[in-house]
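I opened the model to look up a helix pair, the ligand site and some backbone geometry. My entries follow.

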Amino acid sequence: MKFAKDFLFGAATASYQVEGAWDQDGKGKTNWDEFTKIPGKTFEGTNGDVAIDHYNRYQEDIALMAEMGLESYRFSISWARIFPDGSGRINQKGIDFYNNLIDECIKYGIVPFVTLYHWDLPLPLEQQGSWLNKNTVDAYLEYALLCFNAFGDRVKHFITFNETVVFANLGYLAGAHPPGIENDPKKYFQVIHNVFYAHAQAVIAYKKLNQFGEIGLSNVFSPAFPVDESADNIFAAMHANQFQMNWFFDPILLGHYPQYVIDKLSENNLLPDWTEQELATIKKAAPLNDFMGLNYYQPMRVEKIKGEVGAHINTLENSTGSPGNPSFDHVYKTVKMDNKRYTKWNWEISPTAFIDGLEMLKSQYGQIKLYITENGLGDEDPIIEGEVCDISRIHFINDHLLAVKEAIDRGVHIKGYYAWSAIDLLSWLNGYKKQYGFIYVDHNDNLKRKKKASFYWYKDVIASRGATLK
Ligand code: BG6
């Protein structure tokens with residue numbers, strides 16, 4: 001039971017969730033710097049002003065990752081450190097920071113896996129309409145090109161965007177992320193298209209540089225399954241997968257949007273404003289895209305809505321992923337089931353659905369190259385006699401890594417696994433009490449780092465290439 005030598009065992013973070021230093025060394029403000037200051041938007045008003053101060057402590061953090069044997073570190077670049085105004089003026093100190101971070105990884109033989117956009121948008125762009133404004137697409141291209149040119153000699157894996165569905169959904173349907181707009185599906189679909197157009201242009205530009213690296217995008221992977229085998233619920237799952245999966249995977253991998261969704265959107269006058277040239281660019285980029293990153297936490301169990309739609313639950317606790325809400329078009333709702341296991345935040349735990357979903361993906365898209373760019377357990381870790389005993393996390397990652405191995409054995413082409421997260425960090429809406437890391441950060445003691453039980457466990461898994469998984 002060993003993973004291939006070239007399979008990457010990694011872990012991930014994102015800039016706003018770890019860096020802090022929100023105004024240090026010339027960084028510009030971002031949408032999140034503002035949004036978290038609006039009362040009631042985050043758990044107890046938590047924000048990333050200081051976060052875990054990775055910006056100033058990255059050397060200590062990378063040394064710990066190296067001690068754990070991490071083969072690859074996925075992190076994101078904060079656009080506003082490099083372009084404080086979103087475009088135009090360049091802040092050299094921002095470039096220096098990421099050069100240092102990349103060099104520090106390479107010093108230990110850790111492969112840097114870089115996300116260009118993990119939700120923190122320079123504030124001036126947010127104020128000018130965010131991803132609804134096509135100028136943001138142009139600014140993104142300028143930023144992406146700078147990153148390729150500045151870092152591409154050492155970074156051979158770029159992710160253009162993290163989880164478009166999340167920032168579009170929470171930003172324009174649920175109102176829980178910036179810009180905090182509720183129930184506006186027209187804008188939601190427009191944002192997604194603009195982001196995919198930006199992705200396509202970045203991929204084409206990257207390939208022209210001949211840097212001989214890989215480029216792709218990370219999508220949420222939350223395959224939908226019917227709660228039972230009734231025709232209505234099988235239809236509900238098909239519909240959910242078309243809107244939540246195909247709408248996000250087809251344009252990247254096949255170069256066009258799924259006809260089923262296009263038809264539904266045009267019936268309801270919700271089609272994005274797109275041009276032939278934009279659609280042609282998306283088509284041209286698809287075969288150049290090297291991989292798809294999958295962020296898998298849980299599947300969706302869905303049921304067709306028959307009677308009343310029911311209220312939309314949008315509490316911070318239940319924020320991003322817990323079941324119980326109707327789809328925007330009121331066709332189906334996600335359901336919490338009695339016979340399934342859930343985390344403290346009501347996210348289903350299901351390695352089996354992971355395998356089934358990967359099979360589903362293979363049957364639709366063939367043997368595309370995949371990285372699991374996020375997977376992990378959000379928990380409040382018990383501390384016993386001073387030790388962080390995150391046994392539940394060990395079980396969670398163990399079982400999901402076994403699922404990855406099983407999928408590989410069944411012919412799914414997976415080249416790496418990134419646990420979320422390398423180190424405890426800010427959960428966007430749930431503060432610091434929802435932990436994901438292998439390394440604990442003590443917010444009552446000067447952000448001191450401490451290795452958790454899972455740290456030692458993952459170290460053994462990596463060293464044995466998975467042979468110690470049970
Ligand atoms: C993913 C994001 O959606 O889920 C991460 O890419 C995030 O940035 C993770 O932290 C877990 O979500 P949450 O809400 O539990 O922090």
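How are α10 and α11 oriented to each other: roughly parallel, roughly antiparallel, oblique or roughly perpendicular?

Before answering I noted the ground rules. This is a predicted model, in which local features need pLDDT of at least 70 and side-chain atom pairs count only at pLDDT 80 or more, while totals for chains, interfaces and linings use all residues. Residues are numbered from 1 along each chain as its sequence is written, and side-chain values use heavy atoms, with hydrogens and water left out.

**Helix pair.** I looked up helix α10 (residues 231-253) and helix α11 (residues 259-267), which pack at an angle of about 95° with their axes 9 Å apart. The two are therefore roughly perpendicular to each other. That label covers 65 to 115 degrees; under 35 is roughly parallel, over 145 roughly antiparallel, and the rest oblique. Axes are lines fitted to C-alpha atoms, for helices over the stretch in contact, and angles run from 0 to 180 degrees between N-to-C directions. Helices are DSSP runs (H or I, at least four residues), as are strands (E, at least two), numbered from the N terminus.

I then listed the contact (heavy atoms within 4.5 Å). From α10 it takes Phe-235, Met-238, His-239, Gln-242, Phe-243 and Trp-247, and from α11 Tyr-260, Val-261, Ile-262, Lys-264 and Leu-265. By class I have 8 nonpolar, 2 polar and 1 charged. Ala, Val, Leu, Ile, Met, Phe, Trp, Tyr, Cys and Pro count as nonpolar, Asp, Glu, Lys and Arg as charged, and the others, Gly among them, as polar.

**Ligand site.** I found 14 residues around the ligand, of which Gln-17, Glu-163, Ser-427, Lys-434 and Tyr-436 come nearest; the cut-off is a heavy atom within 4 Å. The shell has 6 nonpolar, 5 polar and 3 charged residues.

I checked polar contacts (pairs of N or O atoms within 3.5 Å). An N or O atom in the Glu-163 side chain is 2.4 Å from a ligand oxygen. For Gln-17, a polar side-chain atom lies 2.8 Å from an oxygen atom of the ligand; for Trp-420 the figure is 3.3 Å, also to a ligand oxygen. The ligand taken alone exposes 380 Å², and the protein buries 96% of that (Shrake-Rupley method, 1.4 Å probe).

**Backbone.** Trp-420 came up again: a cis peptide bond joins Trp-420 to Ser-421, with omega about 10°. I placed Ser-421 in the loop between β13 (414-420) and β14 (439-442). Pro-178 to Pro-179 is also cis, omega near 5°, and Pro-179 is in the loop between α8 (164-172) and α9 (185-208).

Conventions: A polar contact is a pair of N or O atoms within 3.5 Å; within protein, one must be able to donate a hydrogen and the other to accept it, and residues adjacent in sequence count only if both atoms are side-chain atoms.
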